[in-house]
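Good morning, and thank you for coming. Please have the structure open as we go.

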Amino acid sequence: MSILITNIAELMTQDLEHRVLKDAAVVVEGERIAWIGAAADAPAADEAMDAAGRAVLPGWVDSHTHLLFAGDRTAEFEARMAGEQYAAGGIAVTMNATRATSDFDLTRLALGRVAEAVSQGTTYLETKTGYGLDTDHEARSARIASTVADQVTYLGAHLVPAGQDPEAYTDLVCGPMLAAVRPYVQWADVFCEEGAFTAEQSRRVLLACRDAGLGIRVHGNQLGEGPGVQLAVELGAASVDHVNYLAGRDVEALAGTWSGWNASNGEGSRGTVATCLPACDLSTRQPLAPARALLDAGVQVALASNCNPGTSYTSSMAFCVATAVLQMRLSVHEAVRAATYGGALALHKDTGNDADGERALGSIAVGHRADLHMLNAPSATHLAYRPGMPLTYAVWRAGDRAR
């Protein structure tokens, strides 16, 4: 079955050529993009849809979320808005509530959050464990997450539970806990920050997980200048996320990881993506991550929601894009790219076509996965021009109409 979507006012492809097509059309065949081009040249298809002058862009690729949780941290949020400083300890509140929730209810809650994200244009998302923090509950979280998210990240190294010895807990994360979650996860992460895990503890976790065959990423430099970025670069992490406090040497180190990569064709040695989480920055009243400086230095940047109950209870990628444009000095094209292609790059899902069967995400090109986001607006500029407005009109996820 094929469908022709025609009369598209603006088609923002986010492909390697950065094409923005006017008066365009797209043909979707099954789960793939079969054709794109001028509406006047569009081939026939089994069905047709008139976009009526709306804009189409790739579906959002949300590469950093924490959807497996129960409970509420409204009181913590109110205290922070009243001037209290954010610290990592609130994770324990969510841990207790999550452990006490049944598999059925935890799954139901997570599926509801995924549905909210999809309704706003997200077509592919990652989520993490990290609110179980013992072997049985982390394994349970990983198992449930694998049924609701596209990719799962092991975050047993989120926080050392109260009363436990940090070194003994790190041993657990690197050993029995890792073995228990391994069948369900593709990535591992560590919160390398004061109050969470030291650089040496983080290195131990990441090396153990890499040896177990997992890709690695780092929560780093969120609460102050620290070792997270340098550790991510040293170990070749796919991404380092948060990156609020960067010294010049951190930016230089990240840029250096991309020196062997050709942005014009997507070939060469990929580096470490800097994932910015602006909704979290606003909620914690941290300085916004320096996305403009990172892009100008040659670092590949992603935007993600960081949806979680304590510091960023939103899955709105449109909100993140608007913030990146209005407050982080990115252009609309750059912000949309970071929220689509950038997320795919961070998850190593940016390549693939008809020849290899691994369909690329985050961009619109022939052979890529048909993840499309149609706006009730004539251009993507309206995401920042009309911030907060419900602009999602239609969503296709792997070729299926999801909204």
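A charge is said to sit over a ring if NZ of Lys or CZ of Arg is within 6 Å of the ring centre and within 35 degrees of the ring normal. R337 places its charged end over the ring of Y341, 4.3 Å from the centre. Likewise, the charged end of R54 sits over the ring of Y393, at 3.6 Å from the ring centre.

This is a predicted model, in which local features need pLDDT of at least 70, side-chain atom pairs count only at pLDDT 80 or more, and totals for chains, interfaces and linings use all residues. Residues are numbered from 1 along each chain as its sequence is written, and side-chain values use heavy atoms, with hydrogens and water left out.

Now to ring pairs. Rings of Phe, Tyr and Trp (its six-membered ring) pair if their centres lie within 6.5 Å; planes under 30 degrees apart are stacked, over 60 edge-to-face, and the rest tilted. The count by this rule is four aromatic pairs. One of them joins F69 and Y131: the centres are 6.4 Å apart and the planes at 80°, so this pair is edge-to-face.

Is F69 buried or exposed? F69 is buried, at a relative accessible area of 0%, where buried means under 20%, exposed over 50%, and partly exposed in between (1.4 Å probe, protein chains only). Y131 is also buried, at 2%.

F69 and Y313 have ring centres 5.5 Å apart and planes at 75°, so they too are edge-to-face. Y313, however, is exposed at 52%.
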